Amino acid sequence: MLATTTPVGYAWRTLSVVSLASVLTGLGGSAINVALPEIARHTGADATAAGWILLGFQLTTTVLMVVFGRLADLFGRRRMYLLGLATYTVAALLAGMAPNAWVIVAMRVVQAVGAAMLLTNSAALVSDAFPRERLGEGMGVYVASFSIAGLIGPTLGGLLAASLGWRWVFWFNVPIGLICLVWGAIVLRPTVRDERERGLDLPGSMLVLVTLGGLLLALSEFTRLGWGHPVVLAGLAGFVVGLPLFFLQESRAAHPVVDLSLFRDRAFAFGTLASFLNAVARMGMVFLVALYFQAVRGDDPVQAGLKVLPLAIAAMIASVSSGFLQRLMSARTLAVAGASATTCGLVAMLAVMSSSTPYAAVAGALVLIGLGSGVFLPSNTTAILDGLPSERLGIVNAMRLMLQNTGNVVGTGLVLSIITAPLPAALHQSVFAGTLSHLQNGAVEQLVTGYRWALSTMAAISVLTVLACLARRKAG
């Protein structure tokens with residue numbers, strides 16, 4: 001159904017479904033970020049397994065984005081969305097029953113399949129439902145739902161892990177998922193599909209999995225295993241061999257899974273580049289800060305969760321406000337402002353980073369990062385999706401999310417490897433278990449050095465985000 005003929009009431013009901021599901025997936029991720037040391041302690045997870053509880057979810061979600069985006073355009077976003085909710089909820093139930101860390105990794109991969117169905121369709125459902133003049137408001141509330149999850153998730157994750165046990169970090173998703181599923185089935189209407197777009201590019205879809213999956217696997221594992229390890233070499237080989245084949249296939253396909261012609265539009269190209277760079281720059285901040293307070297300062301999960309709240313509060317306020325600010329200035333201008341604020345926050349965090357940094361200084365930097373992210377994400381998304389025909393929203397949004405989530409995986413792998421680089425390999429597990437502060441002070445200072453290296457890298461990449469946003473404004 002076209003957004004221009006959709007009643008505003010239905011648009012807001014659709015937004016309620018999408019936002020509730022976004023809170024669900026956001027809660028799951030942010031709760032695990034804080035509870036990961038507790039999960040690692042009780043399951044005996046080493047640094048590799050602990051890292052893959054995070055990376056496995058992000059990698060799987062990313063490589064499946066464009067495939068599910070194309071399938072949603074072909075077979076209907078409502079059907080794909082409800083299937084994603086069911087998959088995510090069942091996997092959460094099974095993850096809570098896992099006997100060890102690697103079974104948790106497997107269930108997180110299954111959860112990621114459901115999350116890919118949801119994330120690919122969320123912004124597309126909002127864009128399809130809202131009139132263009134109200135799209136900024138809808139997108140702002142949609143992005144704010146992730147901030148609400150970020151606001152509640154860290155504290156919830158810490159409380160559940162400390163009081164009920166780590167299994168409840170997964171099980172709490174089940175009742176929320178069932179509510180989302182019922183409400184979505186009631187509210188969402190089937191979308192009108194363009195019969196001219198019925199083709200499915202199966203070779204292209206497989207090449208996306210091989211090419212992007214291989215690259216992300218190599219990037220996430222090379223610092224731990226080294227460039228000569230068979231796993232890393234296999235990932236690089238998949239990327240090097242698959243990339244030219246992918247371009248060849250997409251240039252000939254009647255219905256390509258990735259429409260490469262979109263990147264001829266410089267504004268679109270710079271907008272998606274900005275999404276990627278911003279994700280690399282800011283990804284992992286909640287996890288980084290929560291781990292800092294546990295591994296460096298000796299806080300428990302509840303205390304650590306409470307201390308990262310300023311970022312989520314600031315992001316939520318900024319996200320909601322961004323829609324109304326778009327009535328005063330363009331979404332592209334707001335994206336520049338948001339990326340600049342994120343950069344300032346990362347620089348501020350780097351400037352105060354030490355083993356005894358006053359909490360007020362950390363909170364101030366988190367507020368800046370939260371404000372920047374809250375303004376950038378909805379503004380950049382609106383700028384990319386506004387004006388697209390309904391039948392192309394799914395695949396274009398999937399391409400945006402694919403690059404953004406690739407940035408998430410690259411950013412997470414980068415951060416996890418950099419912060420532990422100054423430490424001996426024997427102490428890496430103590431970092432992820434949150435117990436490093438119980439060891440000699442020298443180890444803590446080495447970890448702080450790793451934090452400084454990571455924040456320097458993130459700040460530099462954030463500067464590139466600002467430049468990409470400025471280039472997009474000029475191109476537009």
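Analyst: The protein chain of this predicted model has 18 helices and zero strands; helices (H or I, at least four residues) and strands (E, at least two) are DSSP runs, numbered from the N terminus. Because the model is predicted, local features need pLDDT of at least 70 and side-chain atom pairs count only at pLDDT 80 or more, while totals for chains, interfaces and linings use all residues. Residues are numbered from 1 along each chain as its sequence is written, and side-chain values use heavy atoms, with hydrogens and water left out.

Along its principal axes, the C-alpha trace spans about 65 × 50 × 45 Å. Of the 476 residues, 61% count as buried, where buried means under 20% relative accessible area, exposed over 50%, and partly exposed in between (1.4 Å probe, protein chains only). Contact means heavy atoms within 4.5 Å. Among contacts with a separation of 6 or more, 85% are between residues 24 or more positions apart.

The structure holds five cavities of 30 Å³ or more. On a 1 Å grid over the protein atoms alone, a cavity is a set of points where a 1.4 Å probe fits but cannot get out, and a pocket is an open set with protein on both sides within 12 Å along at least five of seven lines; lining residues have an atom within 4 Å of a point. Grid points are joined across faces, edges and corners, and a volume is the space filled by probe spheres set on the points.

The largest cavity contains about 1100 Å³ of space. Its lining consists of 42 residues, and G26, F146, R282, M283 and N408 lie nearest the centre. The elements giving two or more residues to this lining are α1 (8-43), α2 (47-75), α4 (101-129), α5 (135-164), α11 (285-296), α13 (309-325), α15 (359-385) and α16. Helix α16 gives the most, with nine residues. By class, the lining of the largest cavity has 20 nonpolar, 19 polar and three charged residues; Ala, Val, Leu, Ile, Met, Phe, Trp, Tyr, Cys and Pro count as nonpolar, Asp, Glu, Lys and Arg as charged, and the others, Gly among them, as polar.

The largest pocket is a separate entry, with about 430 Å³ of space. It is lined by 18 residues, with L212, L243, F246, M402 and L403 nearest its centre. Two or more lining residues come from each of α8 (202-225), α9 (230-252) and α16 (390-420), and α8 supplies the largest share, six residues. The pocket lining divides into 16 nonpolar, two polar and no charged residues.

S122 is found in helix α4 and is buried, at 1% relative accessible area. Leaving aside neighbours within four places in sequence, S122 is in contact with V18, S22, Y81 and Y142. Its C-alpha atom is separated by 8.4 Å from that of Y142, 20 residues apart along the chain. A365 is found in helix α15 and counts as buried at 2% relative accessibility. Not counting residues up to four places away in sequence, A365 touches G345, A348 and M349.
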